[in-house]
Amino acid sequence: MADRRALVIAEPGVIALQDAPALVPGPGEVVARPAYVGVCGTDLELLDGVVDPAYVNYPLVPGHEWSGVIEAVGPGVTALAPGQPIIAEGIIPDRVCAQCVRGNTNLCLTYDEIGFTRAGAAADQLLLPAQVVHPLTAPSGASRGSAATVSLADAALAEPAAVAWRGISRGQPRPGERVAVVGDGTVGLITAHLLRLYSPADLVVFGQRPDQAGLAAELGATAFELAPPAAPPGPFDLVIEAAGQPAAVEGAIALARRGGRVVLLGLAGNGVTAALPIDDVVNNDLAITASFGYTSAAWAEVAGLFRAGKIHLAPLITHRFPLEAFPDAYRTLRAGIGPRGKVLLEVNPR
């Protein structure tokens with residue numbers, strides 16, 4: 001490949017599709033060919049220049065939600081092969097700091113992330129450390145199972161699925177419980193889809209947009225309600241907040257039963273606070289925890305769920321655009337009209 005297309009945000013407010021030199025993998029690296037790239041609210045924030053500068057290097061190639069195939073492997077890479085469908089962690093852990101050694105790769109002391117500090121997947125090629133790659137099938141020639149049927153379009157949502165899965169693990173769901181998800185965006189709906197694997201007695205999504213009710217039902221929710229009311233129809237054993245708004249946090253706490261658990265996933269912005277009803281939290285003996293991003297372990301488990309055919313996110317993909325139509329993709333996401341699922345860029349669709 002003489003060159004490649006890459007979507008580049010040169011600086012806040014300036015985005016264009018450019019030609020760039022072809023990539024060659026070095027030792028321990030792979031070059032992937034992205035098939036599908038998700039566009040999310042964070043991508044809009046990167047374009048608008050409102051993401052904390054400590055976590056962004058301009059110019060940047062966006063694209064932290066993606067799936068694709070391996071195009072080439074570098075020296076020393078033996079467990080991966082060209083043509084193999086893959087997903088990959090976005091946060092690149094150093095594997096040696098104290099947090100990584102404990103398994104907390106989401107808290108790695110060296111921050112490096114695809115689509116933020118290093119080039120993302122909105123391009124014909126993507127350079128990756130082999131250590132963060134998770135195969136969706138065995139290499140060519142090896143034994144193959146049901147993984148051959150994994151949809152790369154579905155797998156493009158592996159990143160938000162890993163975020164949701166790690167948060168779910170913090171909540172420790174049990175079969176037969178009443179479970180609520182506060183938030184009707186991508187992470188909230190994927191959280192509901194994954195929670196169904198635990199066979200809850202009730203799985204209710206609370207959101208702000210009635211148009212999302214159909215998507216919630218298709219992804220496994222037993223009911224959809226508008227944002228938590230003043231008198232909640234709970235109590236719920238487990239409540240996962242995935243909206244990133246003060247009212248959502250306050251509503252999630254109100255929805256939990258006495259002795260219940262609350263997990264906070266949403267980011268609201270630096271300095272944003274929510275009112276904490278201290279006596280209610282203490283009197284109700286609530287366990288409140290939070291989850292940031294994902295760990296390598298969560299990614300490995302999500303890859304396994306895809307290979308096992310337990311994740312089906314096609315209903316959530318409501319819009320698709322070729323890479324060159326990125327302005328339409330960004331406008332569609334900004335408009336938020338009608339059912340709002342995932343907007344995908346088709347880079348090299350399969």
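1. In this predicted model, helix α4 (residues 158-171) packs against helix α9 (residues 296-307) at an angle of about 115 degrees, the axes being 9 Å apart; axes are lines fitted to C-alpha atoms, for helices over the stretch in contact, and angles run from 0 to 180 degrees between N-to-C directions. Helices (H or I, at least four residues) and strands (E, at least two) are DSSP runs, numbered from the N terminus. The two helices, α4 and α9, are therefore roughly perpendicular to each other, a term that covers 65 to 115 degrees.

2. On the α4 side the contact (heavy atoms within 4.5 Å) is made by Ala158, Glu159, Ala161, Ala162, Trp165 and Arg166, and on the α9 side by Ala298, Trp299, Glu301, Val302, Leu305 and Phe306.

3. Six strands form an open sheet in the order β10-β9-β8-β11-β12-β13, with parallel pairing, where two strands pair if DSSP finds at least two bridges between them. The edge strands, each pairing on one side only, are β10 (223-226) and β13 (287-290), and the twist averages 20 degrees from one strand to the next.

4. Strand β9 (residues 202-207) runs parallel to β10 and is joined to it by four bridges; Gly207 has Leu226 of β10 as its bridge partner. Helix α4 also packs on the sheet, touching β11 (236-241), β12 (256-264) and β13, and its direction makes about 150 degrees with that of β12.

5. Residues are numbered from 1 along each chain as its sequence is written. Local features need pLDDT of at least 70 and side-chain atom pairs count only at pLDDT 80 or more, while totals for chains, interfaces and linings use all residues, and side-chain values use heavy atoms, with hydrogens and water left out.

Methods: Parallel < 35°, antiparallel > 145°, perpendicular 65-115°, else oblique.
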